[in-house]
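Please read it alongside the sequence and the coordinates.

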Amino acid sequence: MKSFFCKILILTALAIVYSCSSDSNEDVAPVTDPEPDPTNKLTYTDDVKSIIDGRCIGCHGSPLMNNAPFPLLTFAQVDDKASAILTRISIPAGETGIMPPVGEPLTQTDINTIDQWIKDGKLE
């Protein structure tokens, strides 16, 4: 009798496990990127400063190095040069005028962040 109940228990467990699995993704919602929140605008302090500090201050600091023509130490300085910065960091790798002039170019994510910050109104 124990053997019969064990078999029933095993078959029930297998039925439950099997019914919970599927080879199909039809019942799974597709993964999509969330829609951007238009009220969540990028700011210099939260989103851009770390990029500038990490990739630009080496030359555009104090003192200026490697013939950098202006500093990028403050929000006001970056705000004033934002369009020029975006233009220069967007130049394709290997082309004349790209910033930074040596080392790896900024990532597309960093470029997009600066671009979006400008579009959002260059908030501090």
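In this predicted model, Asn-66 lies in the loop that runs between helix 2 and helix 3. Its phi is near 50 degrees, a positive value in a residue other than glycine. Asn-66 has a relative accessible area of 65% and is therefore exposed.

**Other backbone features**

- Lys-122 is not a glycine either, yet has a positive phi of about 50 degrees.
- Lys-122 belongs to the segment after helix 4 and, at 26% relative accessibility, counts as partly exposed.
- Ser-62 and Pro-63 are joined by a cis peptide bond, with omega near 5 degrees; Pro-63 is located in the loop between helix 2 and helix 3.
- The bond between Met-99 and Pro-100 is also a cis peptide bond, with omega about -5 degrees; Pro-100 is part of the loop between helix 3 and helix 4.

**Aromatic contacts**

- There are 3 aromatic pairs in the structure.
- In the pair Tyr-44 and Phe-75, the ring centres are 5.5 Å apart and the planes meet at 65 degrees; an angle over 60 counts as edge-to-face, so this pair is edge-to-face.
- Tyr-44 belongs to helix 2 (residues 44-55) and Phe-75 to helix 3 (residues 75-89), so their pairing ties together parts 31 residues apart in sequence.
- Both Tyr-44 and Phe-75 are buried.
- Tyr-44 also pairs with Trp-117 in a tilted arrangement, at 6.1 Å centre to centre and 45 degrees between the planes.
- Because Trp-117 is in helix 4 (residues 108-119) and Tyr-44 in helix 2, this second pair ties together parts 73 residues apart in sequence.
- The relative accessible area is 3% for Tyr-44, which is buried, and 0% for Trp-117, which is buried as well.
- Tyr-44, Phe-75 and Trp-117 make up one aromatic cluster.
- Elsewhere, the ring of Phe-70 has the charged end of Lys-81 over it, 4.7 Å from the ring centre.

**Nonpolar core**

- The largest nonpolar core contains 17 residues, and Val-78, Ile-89, Ile-114 and Trp-117 have the most contacts inside it.
- Helix 2, helix 3 and helix 4 are the elements that give two or more residues to this core; helix 3 gives the most, with 6 residues.
- Apart from neighbours within four places in sequence, Ile-114 contacts Val-48, Ile-51, Leu-86, Ile-89 and Leu-106.

- Thr-113 is placed in helix 4 and counts as buried at 17% relative accessibility.
- Not counting residues up to four places away in sequence, Thr-113 touches Leu-42, Asp-47, Val-48 and Ile-51.
- Thr-43 is placed in the loop between helix 1 (2-19) and helix 2, and at 17% relative accessibility Thr-43 counts as buried.
- With residues up to four places away in sequence again left out, Thr-43 touches Val-48, Trp-117, Leu-123 and Glu-124.

**Largest pocket**

- The volume of the largest pocket is about 350 Å³.
- Its lining comprises 20 residues, and those nearest the centre are His-60, Arg-88, Met-99, Pro-100 and Pro-101.
- Met-99 and Pro-100 in this lining are the two residues joined by the cis bond with omega about -5 degrees.
- Helix 3 gives the most to the pocket lining, with 4 residues.

Methods: Residues numbered from 1 in each chain as written. Predicted model: local features only at pLDDT ≥ 70, side-chain atom pairs only at ≥ 80, totals over all residues. Heavy atoms only, no water. Phe/Tyr/Trp six-rings, centres within 6.5 Å; stacked < 30°, edge-to-face > 60°. Buried < 20%, exposed > 50% of the residue type's maximum accessible area, 1.4 Å probe, protein only. Lys NZ or Arg CZ within 6 Å of the ring centre and 35° of its normal. Core = buried A, V, L, I, M, F, W, Y, C linked by side-chain atoms within 4.5 Å. Contact = heavy atoms within 4.5 Å. 1 Å grid on protein atoms, 1.4 Å probe; cavity = no way out; pocket = protein on both sides within 12 Å on 5 of 7 lines; lining within 4 Å. Points joined across faces, edges and corners; volume = space filled by probe spheres on them.
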